Amino acid sequence: MPKENEEDRAYEQKNTALSEKSDNPSELELISPGQIRVRIAPSPTGPMHIGLARVALFNYLFAKKNNGNLILRIEDTDRERSEERWEKEIIQGLSWLQIEWQEGPLRQNGKYGPYYQSKRKEIYKKYIKKLLDEEKIYYCFCSKQDLDAQRQYLMSIGKPPIYSGKCRYLSKKEVEENLSKGKPYVLRLKTQPEKIVFYDKIRGKIEYNTETFGDIVVAKDISTPLYNLACVIDDYEMRISHIIRGEDHIPNTPKQILIARALGIKTPAYLHLPLILGPDKSKLSKRHGAKSVLEYKKEGYLPEAMINFLALLGWNPGTEKEIFSITSLIKEFSVERIQKSGAVFNPRKLDWINGFYIRKKPIEKLTSLCIPYLIKEKLIAIENNKNNGGKIALEQKKYKILETDKIVSFNYIKEAVLLYQERLRKISEISQLIDFFFKKELNYEKDLLRWKDMTDKEIKTILDRLKKILSSIKENQWTEENIKAVLNKSFYEQKFKLKKEAGKGDRGYFLWPLRVALSGKKNSAGPFEISALLGKKETLERIDQAKKKI
RNA sequence: GGCCCUGUCGUCUAACGGUUUAGGACAUUAGCCCUUCAAGCUAAAAAUACGGGUUCAACUCCCGUCAGGGCCGCCA
C-alpha cells in the first residue's frame, strides 16, 4: 500500500501539465498561470442535467479550495446537435446554482471565441497537421458500412471491435490518389499493442491494453477533431491541471493519454467522479424522468438546497454534519473523501433539504420567492402604480387580489406565507396552500365541516355560536391572541357544548368547523392565525358561507 | 461478447485491522404535542453480496465467485 502511494506521487510529479511553461502560446489570456486550473466542458446538445451540475460543483469546489480557476468550455464541435438555447440553459443553470467560472463565456469581456470549440478550428488544424507530418495519424478511406459490419462480426466472436488497420499501410501515392478523387476519409491514430497505466486520484491505478480499442479515429478532417483529440488539445492549451469528470470517461482516458503522447504534451491529473444513478441504479437519464436543472428551479427548489444535496451525493465530510452552505463546502471539501461507487438520486432527501432551507429562510426573502408563483396562478397581480414604473422592490409594491379587486400590501402576503413556512417543501406549493386568502368563495364539500360524529344541525349550531362570539370582538382587538383567548374562554364556559353526552370536551368540535369554514381545506394552518390575518369582516363572511352549505 | 469501475440498512453514507451490541441522515413505523396537516421531540425496525485466505484480531488487506454499472461511434 505505501509503495503504491509513492509510485502514485512520482507519476503525478512527472505528469503535471501546469508545472511546465509551454512553447505553444495560445490566444487565451491566462489569469494566473501556474495554478490549479480545472474545467467543465459541456456540449450544448440537450437540457442541462443533474450530472453536469454535480460535475460542475465538484470542479468549482476543488478550484475554490485550492485557489484555482474554473474554466467553462463549450464543446460544440458537433454542429448538427449543438444549439444555442442549450448553451444558454447551461449558463443559466450554473448561474442559478451560483457556480462561478473565471474563464469562459460571459467572463472575458465579450471574447467568447476561444472557449467554444467551434471557434478553435485554426488551433486544431495546427496540431492535426503536425500529427500528420510526423505520421502519428493516417488517412482511412474505409466506408462506414464496412466498418460496421466488421465491428458486428468481431463482437459476435467475442473480440474487441477494433479497426483492422487496413488503411494504415497505404502508400503515399494511394493516399494522394484517393484524396484527389475526393474520397471521404477520417484520420486515425497509430497505436501499438501496449499497456497504458494511469493513476486516478480517486480510484488509484488503472490499466488498459491498447489492443482493446486499436487505431481510433481522432479527426474527421484536417481541422475538425473528434472529442478525444479536441479535449486533449484544449486541456493542454488551457493549461488544465486536473480533469474532474464522470466515471463514464474512464475508458476515454487511455485514448487521450495516447493522443497526448503523440502530440508530445503532458497530461493533467485525472479524477473520475462516481455517476449519479436512477432508482434502478443505471446512469441517471431521461428515461428515469430526470429533470433539467432549470426545472428544479421552476418547481421551487432553492439553489443552496440543490448544492447541499448534490455535494452529499458522492462526498461526505467524515463527520455527521449534513447541512452545508457553499462557503462551508469550500472549506471542508476534500478529494480524499469522494466516493468510488455511484449514488442513487433520492428526490425525497432533496425535498427534505429544501424544506429545511425554506424554514431557515428570512420571511421577506421567502415571500419574494413565493410571489411569482402566486402571480402565475392568477391569485394576485402587481398593482400598477404610475409613480414607480415597476422598478421598485417587491417589498414596496402593492398587490391586487384578482377575485376581489382588493389591494393588499407585501406584508399581508408575508403573513400568509409565514403561516406556511414550515409546511413548504418547494416554493411552487405555496399557491395551493394559501390560495384561500385570495378567494371570494371557497369551494369545498359540506361534509368537510363535520368533526367526528357531529350532525348537520350541530355544525350549524356551532357556526352560529362562533359567529355570535366573534362578532363581539371589537375590530381594533382583532388579533390572534385575542381571538384565541375569547374562543377558549367561551369553550371553558361550555358555550360550545352540544349535548350532555360524551366527547364534547374536545376543542375540535368548534375549531375544526371554524378552520374549514375559513380555509376550505382538510389541512391548513390554525383557525386563530387565519382569522386574524383575514380580518373580522372576511372571517364572519366565511362563517356565513359555511352556514349556507348546510 | 470484450475491457474497465464498483459492492455497508430501501436510499445517501460513517467506521481508514482492535475504542462496534456496525454510527448518522432521508424514507418507513409507533408515541408525544395536538382542531387537521406540517414542523419539532422521543423511540423502533433496518446493512457489511458470497466463499476462501492473511492475522491473536477483518466491514477494513489478498484471491476467487457473484451481482450492479460504465464504455466499446466519422457523439461528447
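The model is predicted. Chain A has 550 residues and is more spread out than a compact globule, because its radius of gyration of 33 Å is well over the 24 Å that the globule rule gives. RNA strand B is surrounded by 64 residues.

**Overall shape of chain A**
- The secondary structure comprises 20 helices and 15 strands.
- Along the principal axes, the C-alpha atoms fill a box of roughly 105 × 55 × 45 Å.
- Of the 550 residues, 33% are buried.
- Take the contacts between residues at least 6 apart in sequence: 75% of them join residues at least 24 apart.

**Domains**
- The domain assignment lists domain 1 (2-277), domain 2 (370-440) and domain 3 (441-550).
- The centres of domain 2 and domain 3, taken over C-alpha atoms, are 26 Å apart.
- Contacts between these two domains involve seven residues of domain 2 and eight residues of domain 3.
- On the domain 2 side that touches domain 3, four residues are nonpolar and three are charged, with no polar residues.

**Surface near RNA strand B**
- The closest residues to RNA strand B are E75, G158, Y227, S341 and G526.
- Helices α5 (144-156), α12 (347-360) and α18 (508-519) each supply at least two residues of this surface.
- Strands β6 (204-209), β7 (217-221) and β12 (343-344) also supply at least two residues each.
- By class, the surface near RNA strand B has 24 nonpolar, 18 polar and 22 charged residues.

Note on methods: Residues numbered from 1 in each chain as written. Chains lettered and ligands numbered in written order. Predicted model: local features only at pLDDT ≥ 70, side-chain atom pairs only at ≥ 80, totals over all residues. Near = placed C-beta within 6 Å. Helix = DSSP H or I, 4+ residues; strand = E, 2+ residues; numbered from the N terminus. Nonpolar A, V, L, I, M, F, W, Y, C, P; charged D, E, K, R; others polar. Domains from an automatic or database assignment. Rg over C-alpha atoms; globule rule 2.2 N^0.38 Å. Buried ≥ 20, exposed ≤ 12 C-beta atoms within 10 Å, placed from the backbone.
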